[in-house]
Structures are given as C-alpha cells and as structure tokens.
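Subject: Structure for you to look at

Hello,

Here is the structure I said I would pass on. My notes on it follow below.

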Amino acid sequence: MGDNILKTYELTKKYKNVKAVDEINMLIKKGDIYGLIGKNGAGKTTLIRMITNLTPISSGRIELFGSEQNLNNSRDRIGSIVESPALYKGLSAYENLEYYRLQRGIPNKSIIKESLELVGLSDTKNKKVKNFSLGMKQRLGLAVAMLGNPDFIILDEPINGLDPIGISEMRSIIKKLNEELGITVLISSHILSELSQIATKYGIIDNGKLIKQITKEELDKECKRSISIDVDDTKKAIVVLEEKLKTTNYIVVDAGTIRVFDYLDTPSDLNFALVSNGVKVNFISEIGMNLEDYFKKCLKEGE
C-alpha cells in the first residue's frame with residue numbers, strides 16, 4: 001500500500017441519469033507515468049476533476065498516497081493542469097508564478113526560479129504571457145503545477161494543439177520530472193503516438209468505464225512488438241546479437257530475416273552494432289500492433 005499514489009474504488013459521477021464516470025477502479029503506483037486513454041467524451045477530464053476535487057463525486061472512494069483520510073491535505077502534494085492553464089496574460093512568467101506562490105502560501109521564493117528553469121522559461125524575463133506561444137503557455141502551466149514541489153502531477157491533454165517542437169519539449173520535461181525527480185505522473189491524451197513514448201502504464205476508458213489497465217511491459221508482450229531486420233549474413237548477425245548486444249531474445253524467421261524482441265526503444269543501437277561489426281542491414285523496422293491499434297482492439301472487444 002505504501003507504493004500506491006492513487007487508488008479509486010468504484011468511483012462514479014452521475015449527471016441526472018447519465019454516468020459520465022462509471023464505477024472506476026484505478027491504481028497508480030509510485031514512479032508510474034500513467035497514460036489515460038479515451039476518445040473525446042469518454043470521461044477522462046471528469047475523472048481527473050474528481051481526483052483533484054474540482055468536481056464532487058457521486059459515489060465511490062478515493063485513496064491518495066495510501067490513505068483515504070485527510071484528502072485535502074494529500075491534495076497539497078499534487079500539482080495539476082486541468083483543461084487550459086489559468087494564466088494572467090498581462091503578467092510575465094515570473095509574475096504569474098509569484099501570484100500563485102502567494103496565493104498558495106508557499107514561503108520559498110526561490111521556487112519560482114527553479115520552476116522556470118525546470119520548464120525552460122528562465123530567459124523570458126519581462127515578456128508578457130500574451131506574447132507566448134502555445135507551447136510556452138503549456139510549459140508555464142506546468143511550472144505553476146510544480147510550485148509546491150508535488151510528488152504527483154496530473155496533466156489533462158498537456159500537448160493538445162502543440163506543434164511538433166512543443167510536443168517534444170513537453171515530452172522531455174515530463175520524462176525529466178519522472179526519471180530525475182521521481183515524480184509520479186497521470187497524463188491524459190488522445191495523441192497516442194506521443195503517449196507511447198513516455199507512459200509506463202496505461203488505462204483505457206470508454207463511455208465512462210475503465211475497460212483496461214496494462215503496463216508497458218504487458219502491452220509490449222500482448223502486441224508482440226519486435227524489430228524485423230533483413231541482413232546479408234544471418235550467422236554473423238546472430239553472433240553480434242549474442243556476443244555484442246548480449247541478447248538471445250530473437251527468432252530467425254528465414255534466411256536473412258531476424259526478429260529481435262529487445263532494443264525496442266533503441267533500434268538505432270541495434271542497427272549500429274550490426275553495421276559496425278560487418279553485417280549489412282538491408283532493412284530494419286518495428287512490427288506488431290502499436291498503441292493506437294491496441295486501443296482500437298480494446299474498444300471493439302468492449303462493444
């Protein structure tokens with residue numbers, strides 16, 4: 001239980017006779033980057049608003065940091081961006097953070113500089129937020145969420161509308177928060193290709209129901225992801241795989257074609273090792289279902 005950051009028990013939100021969130025049992029553990037996946041209107045934002053106490057629950061229970069007691073105090077350990085960040089456009093980034101620091105009664109003024117550096121906005125000086133790009137505004141919203149040094153951050157569609165550079169910047173910051181600062185993350189998004197690059201666990205929600213929870217490792221196994229390599233010398237390639245890359249997690253499909261089940265996130269390392277050891281790689285690609293395919297499969301099974 002000590003490793004549990006968030007646990008919900010049959011959490012439900014009803015609007016008249018419609019259940020926007022329907023008896024959800026969710027579990028997020030310390031260190032997770034939990035990707036919440038669902039179509040528009042599936043219930044993602046409503047669920048997040050209940051967790052952050054922006055929307056009252058109809059029934060069910062919430063446990064934060066291993067306890068159902070003193071939830072308001074526990075929420076002080078959470079930072080969040082729900083829908084669009086509430087920013088003051090006529091103020092600078094620093095002035096926005098100072099406003100929220102005072103509002104929350106945070107005594108340490110140096111946290112402003114630290115938060116701006118963390119999200120890459122320390123050089124904006126007196127530039128007004130109204131002149132920020134959308135990506136800069138999203139990063140400033142994340143800085144606001146980070147003001148209280150939270151243990152858990154909740155981000156509702158933080159990359160929605162961003163260009164590729166903005167998406168890449170946000171992805172790098174989230175990974176840094178998780179890997180270097182040990183912050184647990186709940187992130188909702190409908191951009192599944194991006195979510196698949198950072199999430200360690202997924203929850204799939206449809207029509208208010210959490211129809212699947214699965215770790216990245218379990219997803220990889222179910223999707224049977226692998227790297228297919230077409231080489232000129234299969235025997236030499238096997239020697240490189242086993243002696244240089246220290247893996248036996250592969251199969252020889254036919255003469256010249258090998259499927260490797262390791263190095264899924266770093267295929268360039270695999271390619272470099274083969275080529276630098278005298279193996280000609282004619283073709284290399286990832287095969288198997290991706291996250292979007294798996295999501296569609298789960299929705300179909302739930303019909």
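Which residues do ring pairs link into a cluster? They are Tyr88, Tyr99 and Tyr100.

Before the details, some ground rules. This is a predicted model, in which local features need pLDDT of at least 70 and side-chain atom pairs count only at pLDDT 80 or more, while totals for chains, interfaces and linings use all residues. Residues are numbered from 1 along each chain as its sequence is written, and side-chain values use heavy atoms, with hydrogens and water left out.

The rings

Rings of Phe, Tyr and Trp (its six-membered ring) pair if their centres lie within 6.5 Å; planes under 30 degrees apart count as stacked, over 60 as edge-to-face and the rest as tilted. By this rule there are three aromatic pairs. In one of them, the ring centres of tyrosine 88 and tyrosine 99 are 4.8 Å apart and the planes stand at 65°, so this pair is edge-to-face. Tyrosine 88 is in the loop between strand E6 (78-81) and helix H3 (93-104), and tyrosine 99 is in helix H3, so the pair ties together parts that are 11 residues apart in sequence. Helices (H or I, at least four residues) and strands (E, at least two) are DSSP runs, numbered from the N terminus.

Tyrosine 99 also forms an edge-to-face pair with tyrosine 100, at 5.1 Å centre to centre and 80° between the planes.

Tyrosine 88, at 39%, is partly exposed, and tyrosine 99, at 32%, is partly exposed. Tyrosine 100 has 9% and is buried.

Charges over rings

A charge sits over a ring if NZ of Lys or CZ of Arg is within 6 Å of the ring centre and within 35 degrees of the ring normal. The charged end of lysine 13 sits over the ring of tyrosine 15, 5.2 Å from its centre. Arginine 77 lies over the face of phenylalanine 65, 3.8 Å from the ring centre.

The whole chain

The protein chain has 11 helices and 14 strands. Its C-alpha trace spans about 65 × 50 × 35 Å along the principal axes. Of its 303 residues, 47% count as buried. With contact meaning heavy atoms within 4.5 Å, residues 24 or more positions apart account for 68% of the contacts with a separation of 6 or more.

Regards

Terms used. Buried means under 20% relative accessible area, exposed over 50%, partly exposed in between (1.4 Å probe, protein chains only).
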